[in-house]
Amino acid sequence: MTPDLMDAGAQRIARHAGMPMPVLTESGGRSAGYGRHLSHEVDTTHGRILYLEDVSVSFDGFKAINGLSLDIAPGELRCIIGPNGAGKTTMMDIITGKTRPDSGTVFFGSTIDLLRHKESEIAQLGIGRKFQKPTVFEHLTVFENLELALKTDKGVKASMLFKLDSTQSDRLAEVLHTIHLSESVSRLAGNLSHGQKQWLEIGMLLMQDPRLLLLDEPVAGMTDEETARTAELFLSLKGKHSLMVVEHDMSFIRTISEIVTVLCDGAVLAQGTLDEVQADERVIEVYLGR
């Protein structure tokens, strides 16, 4: 969830509770320019929306990412698997600006150098990230969560005076249908099941119109039915958005995957279809310890 969205949510909750509004500066309490609007166009004419080349990062001498090179095509749904400690989360941290690598290049399209941008700016550029644990505003309704996530001015005055126009209303209804929550539009987010909260957070990302979605263990803790519906959701998003899905559930991976990338020790160990990587002796050794 971006800093501006967190501020807007805090303001909405305060109004509901009759509490004093949080005091924010024009930049949301952060340094000037941190939340500036970015309008860079993502250039995918070379057939790739994300490039990582020879990326490395160490923490206290431990090489979490070690010469990692990876690329994803526009509209692709790429699955990332690997044992614990393989570098999957650190890779996502680097893409979204949470962690700066020691070396290497990371590009969004062929022209946007992500290493030159801050975390909030990367979100504005069109990269959305969902962490394993859902982060939604539990004291607001499903509708209000999605409304807050619209790409609008998040300043205090603008938020107070904001009203949905017909285009925004149509977009919100479309996202509600996509995430299977049309019948729960008036429910408090805190009353949703774990799986429904996951869908709501994905919906909030979709309201930002991202070009690339990073999804970290999205079906962890879901029921079988919720997992199946999440697979349907991701397959419906493929082509409209590029998706990078990190997951341990191999049945889920088999349902949604075309290309699977296996990470180990901070680098790509194998890549191909799920059947191909599962038959790779190096992958078998990593997972089974042979």
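How many of the 290 residues of the chain count as buried, as a percentage? I looked this up before anything else, keeping in mind that the model is predicted. The value is 49%.

**Entry: whole chain**

I listed the secondary structure and got 11 helices and 10 strands. I then took the contacts with a separation of 6 or more; residues 24 or more positions apart make up 68% of them.

**Entry: strand E1 and its partners**

I turned to strand E1, residues 50-59. Seven bridges pair E1 with strand E2 (residues 62-72), in the antiparallel sense. The two strands form a hairpin, and two residues lie between them.

I picked leucine 52 to follow across both pairings. Which residue of E2 stands opposite leucine 52? I found leucine 70 there. In E4, the bridge partner of leucine 52 is valine 106.

**Entry: helix H2**

Next I looked at helix H2, residues 88-95. I found seven of its eight residues buried, so the helix is largely enclosed by the rest of the structure. The buried residues are Lys88, Thr90, Met91, Met92, Asp93, Ile94 and Ile95. I note that Lys88 and Asp93 are on this list along with Met91 and Met92. Just after H2 I recorded glycine 97, which takes a positive phi of about 85°.

**Entry: aromatic pair**

I searched the whole structure for aromatic pairs and found one. Phenylalanine 234 and phenylalanine 252 form this pair, with 5.8 Å centre to centre and 70° between the planes. The cut-off for edge-to-face is over 60 degrees, and the pair is accordingly listed as edge-to-face.

What does the pair tie together? I placed phenylalanine 234 in helix H8 (residues 224-237) and phenylalanine 252 in helix H9 (residues 250-256), so the pair ties together parts that are 18 residues apart in sequence.

Conventions. Residues are numbered from 1 along each chain as its sequence is written. This is a predicted model: local features need pLDDT of at least 70, side-chain atom pairs count only at pLDDT 80 or more; totals for chains, interfaces and linings use all residues. Side-chain values use heavy atoms; hydrogens and water are left out. Two strands pair if DSSP finds at least two bridges between them. Helices (H or I, at least four residues) and strands (E, at least two) are DSSP runs, numbered from the N terminus. Buried means under 20% relative accessible area, exposed over 50%, partly exposed in between (1.4 Å probe, protein chains only). Contact means heavy atoms within 4.5 Å. Rings of Phe, Tyr and Trp (its six-membered ring) pair if their centres lie within 6.5 Å; planes under 30 degrees apart count as stacked, over 60 as edge-to-face and the rest as tilted.
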